[in-house]
Amino acid sequence: MTNTPRSASDTSRSGRRHRRSKSRSGAAATLTFTVLALILVGVLVLVTAKQSHDTGPTSSAPASGRNDGSTGSGGGTVPGQKVLKLADHPILQDPDAGLQNIVCVLPDWHSDQASAQAFFTAAEHCLDQAWGTFLQGYRLPFNPPTLHFPTGSSFQTACGTIAVGVATAAYYCDNNLYVPYRGLQIEQYGDNPGVYLALFAHEYGHHVQEMAGLMDAVWQRIYQVGENTPAGLDLSRRKELQAQCFSGMFLGAVVDHGSVTRDMYAKAWRDQDTRGDNTSGSHDHGTNAHYAAWWRKGAQFNRAVQCNTFSASASDVS
Ligand SMILES: [Zn+2]
């Protein structure tokens, strides 16, 4: 591991923008139509979700965090309806709901593009199994994210052009998860698969938010208050710190089962201290202390209720 003048968090934290914040200029009429159609669908989903809620309590069958027995979807597409709620979202209520302790088998880590690609592809299957099963317990929709391994200094997404290494190590946008090899900064972090797995699981945490409806719900609020207002940044931090907690939940669920060793877990645990806003100078991801604390809470307890950043006091998400 070499020490570089640039602070670690400046170039290795996970994606800064996870959804498009503005329509791209020059959008074709078809795109506009698509957006309008999506908005209409979103409204319908919202209305339907509200109606189903109003008619009575939904029957949720939370996945047990201590159950090795049942099998998951294996990552297939499952129909369902998002629930556009935040603090009162159904996946954040049950004190006993966590991820199953699945056996996650990953290839050995080697620091080259092809090996990293194989590692994250296998990791995605583990995450699909763990989170797919969990979300299905609440009759929420599920489909695996599409993985991308861009090799250039920047890459295109539906959320805009993303520069590698400036503020983004990995990135999530609308069911697509991007892992540019250069973004991992392996020259700095070395052969450290636990650290990279936690980073990947954070981005996947945004996919969980997307599937559940939390992502749509938080962006509705952010658009209302303004992305760069104190209220908008508070919401951004709650979204990011929840993804941290979801990442911790996954590593906590798979450590000692399969390929994720106690050593990988311990190194991921320690790494979280360096990736918050203190070293980046921004205010959208949470202080270094909070960025680490929420990950550790997820890892230690493996309970989604512990990841309810939207009900946390402002001082816990600063
Ligand atoms: Zn994030």
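User: Before we start, what are the axes and angles when two helices are compared?
Analyst: Axes are lines fitted to C-alpha atoms, for helices over the stretch in contact, and angles run from 0 to 180 degrees between N-to-C directions. The structure discussed here is a predicted model.

User: Good. How do H3 and H5 pack, then?
Analyst: The axes of H3 and H5 are 10 Å apart, and the two helices pack at an angle of about 40°.

User: Is that roughly parallel or oblique?
Analyst: Angles under 35 degrees count as roughly parallel and those over 145 as roughly antiparallel, while 65 to 115 is roughly perpendicular and the rest is oblique. H3 and H5 are therefore oblique to each other.

User: Left-handed or right-handed crossing?
Analyst: H3 and H5 cross in the right-handed sense. On the H3 side, the contact is made by Phe119, Phe120, Ala123, Leu127, Trp131 and Leu135. On the H5 side, the residues include Pro193, Leu197, Phe200 and Ala201.

User: What does Phe200 touch?
Analyst: Leaving aside neighbours within four places in sequence, Phe200 is in contact with Phe120, Ala123, Ala170 and Val179.

User: And in the largest nonpolar core, which residues touch the most other members?
Analyst: That core has 77 residues, and those touching the most other members are Leu197, Phe200, Met249, Phe250 and Leu251. Among the elements that give two or more residues to the core are helix H3 (113-136), helix H5 (193-212) and helix H7 (230-254). Strand E4 (171-173) and strand E5 (176-178) are also among them.

User: Which element gives the largest share?
Analyst: The largest share comes from H5, with 11 residues.

User: New topic: the open sheet. What is the strand order?
Analyst: The order is E1-E5-E4, an open sheet of 3 strands with mixed pairing. E1 (146-148) and E4 stand at the edges with a single partner strand each, so one side of each is left without a neighbour in the sheet. On average, neighbouring strands of this sheet are turned by 20° against each other, direction ignored.

User: How do E4 and E5 run?
Analyst: E4 and E5 run antiparallel and are joined by 3 bridges. Tyr172 stands opposite Leu177 in E5.

User: Which helix packs on that sheet?
Analyst: H5 packs on the sheet and touches E4 and E5. The direction of H5 makes about 15° with that of E4.

User: What about E2 and E3?
Analyst: Strand E2 (residues 154-157) pairs with strand E3 (residues 160-163) in the antiparallel sense, over 4 bridges. A hairpin of 2 residues joins E2 to E3, and Gln156 stands opposite Thr161 in E3.

Technical notes. Residues numbered from 1 in each chain as written. Predicted model: local features only at pLDDT ≥ 70, side-chain atom pairs only at ≥ 80, totals over all residues. Core = buried A, V, L, I, M, F, W, Y, C linked by C-beta atoms within 7 Å. Buried ≥ 20, exposed ≤ 12 C-beta atoms within 10 Å, placed from the backbone. Contact = placed C-beta atoms within 7 Å. Pairing = 2+ DSSP bridges. Left-handed = near helix turned anticlockwise from the far one by under 90°.
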